[in-house]
Amino acid sequence: MRWTPLIVAALLAAAGCGPKDAPAGGAGDAGTVKIGVAGPVTGGQAKNGEDLVDGTTMAMEEWNAKGGVLGRKIEIVVRDDMADPKLAPVAAGQLVDQKVVGVVGHFNSGSTIPASEIYNNAGIVSITPASTNEFVTDRKLPLVFRVCGRDDQQSPAAANYIADVMKAKRVAIFNDKTAYGKGLADGVERNLKGRVEVVLSEGFDKAERNFRPYLSKLKDANVDVWFFGGIFEQAAPLLLQARQVGITAPMMSGDGVHGYQKDFIDKVGAGAEGTLTTFLNTEGAPGYAAFVARYRARFEGKEPGPYAMYSYSAASILLAGIEQAKSTDGVKLGAAIHAGTYDLPMGKVTFDAKGDVNSGGYVVWVVKGGRHTVVGK
Amino acid sequence: MRDRIVRLLVATLAAFLLALPVASLRGNSSTGFTIVWTPAFVTAAMVLVGGAILFAAVEAQRRGTAFWDARAATDSAVGRRRPCAAQAWTLGVLVATVAALPLLGLPGAWTKLLLETMVFATIAVGLQITIGMAGLLVLGHAAFWAVGAYTFGLLTVHQGWNFWIAFPAAGVAAALTGLVIGLPALRLRGDYLAVVTLGFGEAVRWVIKNEQDVTGGDANLPGNIVPGSFRKPMGALGEWLWQPAAVDGRTFEPGTVQALIDRECYWFALVLLVVCVACVHLLAKSRVGRALFALREDETAAKCMGIDTTRVKLVAFMASALWAGLAGVVPAVHRGSINPEMFDFNTSVLFVAMVVLGGLGSITGSIVGAALLWMLPALLANWFPEVQEYRYLFFGALMAAMMVVRPEGLFGGARRKGAA
Amino acid sequence: MLQNLWNGLVQGGIYAIVALGYTMVYGILLLINFAHGEVLMIGAYTGVATLAGCAGTGAMEAVGFMPCLAMAIIGATCVSAAYGFAIERAVYRPLRGAPSLSPLIGAIGVSMVLQNYVMRTQGASPIYAPMSHPAYVASLGASNWDIGPVSIAPLDLVVLVVCVALMAGLWMFVQRTRTGTAMRATSQDRVMAGLVGIDVNRVISVTFVIGSALAAVAGVLLALFNTQAKYDMGFTSGMKAFTAAVLGGIGNVPGAMLGGVLLGVAEAVGIQLLGAEYKEVYSFVILLAVLIVRPKGILGERVAEKV
């Protein structure tokens, strides 16, 4: 045990000079205002992380060009959760230690649910640009907001289209067993009850890539349309394999599949034609075209992903909220955002008591000529 | 010297050539092949540096000037010497220092990291019983952790049990699970057992994931109740211990709740670890412990000596599952929510790595192994945020290199026959 | 039902080739080669990159899909074999004779390195095989054959033919050639084999090279079968194949084949009959059932305990 004194000394030293908590952002010092960004920066959903970081960066740069907030420059701190619910609280903890004022994120519902709890406990406002699971805001945490829609708005939109517009008789439903995918698929199934017969309902792991056993069942079920609650990185091989085994019925999916031109539509090619998705009506948003033009100019012609605008909006709301609250204190900031109205590319934005956004409805899009096009409400 | 430089150059060249196809070659269906040189050069450079470190370490080892003196550190290895008064005293100082850290202004980041490390250390020390002592390789230990965490979560949230009843219940549930999986283990040996425990671990995770109505599945929720309420229904004692001002969400003081929870969980985890170390130490010195060591060295011989191998194996399984189950309570309280993905195969492998890297049969080793494997990636991310994407690459290389340099583990004693 | 039996058979064939690599290494070194799945993944990446490159340069149009596939498989085999060889030299050889769990942890380290390395260099998004290319559509992408209720894709047949050919080839190699005899001798008793003049180091290297080459072929086929390759694909396949090897009796070459096919079929039929919810649990239940009846796997020999 002759190492003991050494260990004791090391531990004491660590207490003094370990990974330091950053200086408090709320103390009103002359330092920068830190905004946290958390989402799948790496991993299979890195495209989403890219949108998240790009959108936030744009908002930050625009505000910094105007002189920052409360006279202080803005800085963003990015942490990666790899779309893994296990890593989300770790990333959240790191952002809390960095003393960020607010957080844009996370992306996936399964990550947002535990992480936003941590932010809320630490008195930090978080705005998710993309998590649609009802539970995110149904907990009524005062400092948790979202700028996208909810699955209980999205799933009726999908179900109504299947039942009323397509007049489908038989439907199959797949999900990827994540909080997002399963929540959405269950919602669609609930909404179809009594209207359309759901002949097959299956869930598989989000790492699954051989779908033939499920697709054989799907083929036997002989459906008019099949719904997949999941993310584009799995939807692409799923749809490719479905076309290979000769399934011609269209796939329908949610916002996890919508808008990934390079990673979904281009990969699947001709097989993607006719694929239906539910998404917010971005084309109808007043400032969308202008936003896309600004985005392309800033990122050298890169196409914005579906959630780039929502990430930009989340960051803008956060910064405008700080300006309105005249403080970086989380509780005051949360109250200010609840009370405020924001004029953004996505339209006029206000929040209800739960922290849900009061604008935008889901519409159904179809892939036609290799592009998403709105087909109806 | 020249010889070594030549070997290093050869290694770099080999690494470069090996890295070339995967690192540089991009096939694209529209543009054909493109070659990107940078990644291959970066890899070669990394291998050069890593190789230099490794060669230096191996050389140092070979010359008998091992940079780590194993003997000195293995004093507390199980079943060696009786702890003398001086040892007890130094241990006491160590524990007291660790306990005092949060009061001395330990930053929140460290509190969390150390708290998690202590949870992992508890599990690793418990796993030492099956792997280190009995020589049974378990690749599904995370399942016991999961059983403990979910038992605790469901009992407190759904049934409203008191914390102090649910806490031992979590341990008992995990131990019973250990009994169930221990039964087939009686017939299986080595890697057959390993793969059965692997399958078992995955099966438990899938049950949790699929039974969403009860466990909340992937959505983290215990049932349909707010994750934060894990902390609420723990009865009077629990309230006194865990309940800071108000977790209602609307009336708290910003930033204080999480800090309080962190600190209280920290002390709880420390006590758990100390008790676990004491128990495992006593077990190792007991009749059963001796029987386990005998089992590891030679099962047939142990049987011939009159050891009831069936009973002893079951005890090993149950005891190590018990500690994992008890340790499962801490993340449930601390994180406020649990998710089946926390308990996947990688986690089980991490536990085994902690035990093996620390040294089979050494309690100190398990704790150090847990500290290294859990804290290092987090610290790397913190120290070098610019290259945090590379941290697992570096970490994996370090793990392999450490095993090559010290195959018996950091605190492993003289070479012994290991598990499997 | 019959369709899924067939699906399971094809998937099982791929499991079986991967399991062969596990079982061969285990037979000789008593070591679970945890990095085997990563070697498969590297093979898959090389193969898909070659295919995509062939499509992009126009070579595929000129010579057709099958020659390109052959080239992709050969390329992947070479690269993976080199990786297998290097891993053995760098990590397993220094650890020979160490406590048996140490190489296991070393292997886990290696697999972490390889996964992250490919993720950094090739990107985290999957890369897709050029399956919409006209040359592919003309050969393997042609319409399926319907035999009764079962629809058989040309790709399925290629996978099965390659699997059977590889297994037969490996069997001949192990049984008939001098090196194969040396391998069997080494797996029975390494020390004795060394004493009778077998270069044990060479035999072990050969084992790794062959095992990795098999994994590469499996990787390319799996990538085609799944339409894509991703940096983490080796993990699941590796774990499945390991289970398959144990199911058949680890160290036993026909056992690995049997185990792989059995596992593939069990999963697909389980999905058909009982639903997908508990897919991973079916393989566990089968494993447990088999091992309770036969603790050494289906074809594992009951070796007398040496005392």
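**Notebook: helices in chains A, B and C**

I started just after H6(A), where Lys167(A) takes a positive phi of about 50°. This is a predicted model, where local features need pLDDT of at least 70, side-chain atom pairs count only at pLDDT 80 or more, and totals for chains, interfaces and linings use all residues. Residues are numbered from 1 along each chain as its sequence is written, chains are lettered from A and ligands numbered from 1 in the order written, and side-chain values use heavy atoms, leaving out hydrogens and water.

Helices here are DSSP runs of H or I with at least four residues, strands are E runs of at least two, and both are numbered from the N terminus.

Next I checked the length of H6(A), residues 151–165. Its 15 residues should span 21 Å at 1.5 Å a residue (1.5 Å times one less than the number of residues). The end C-alpha atoms are 20 Å apart, which agrees.

Which residues of H6(A) are buried? I noted Asp151(A), Gln154(A), Tyr161(A) and Ile162(A) among them. Buried means under 20% relative accessible area, with a 1.4 Å probe and protein chains only.

Then I moved to chain B. H16(B) (residues 345–358) and H17(B) (residues 363–383) pack at about 125°, axes 7 Å apart. The axes are lines fitted to C-alpha atoms over the stretch in contact, and angles run from 0 to 180 degrees between N-to-C directions. The contact (heavy atoms within 4.5 Å) includes Leu350(B) of H16(B) and Trp374(B) of H17(B).

Last, chain C: I found 13 helices and four strands. Buried residues make up 64% of its 307 residues.

Definitions and conventions:
Buried means under 20% relative accessible area, exposed over 50%, partly exposed in between (1.4 Å probe, protein chains only).
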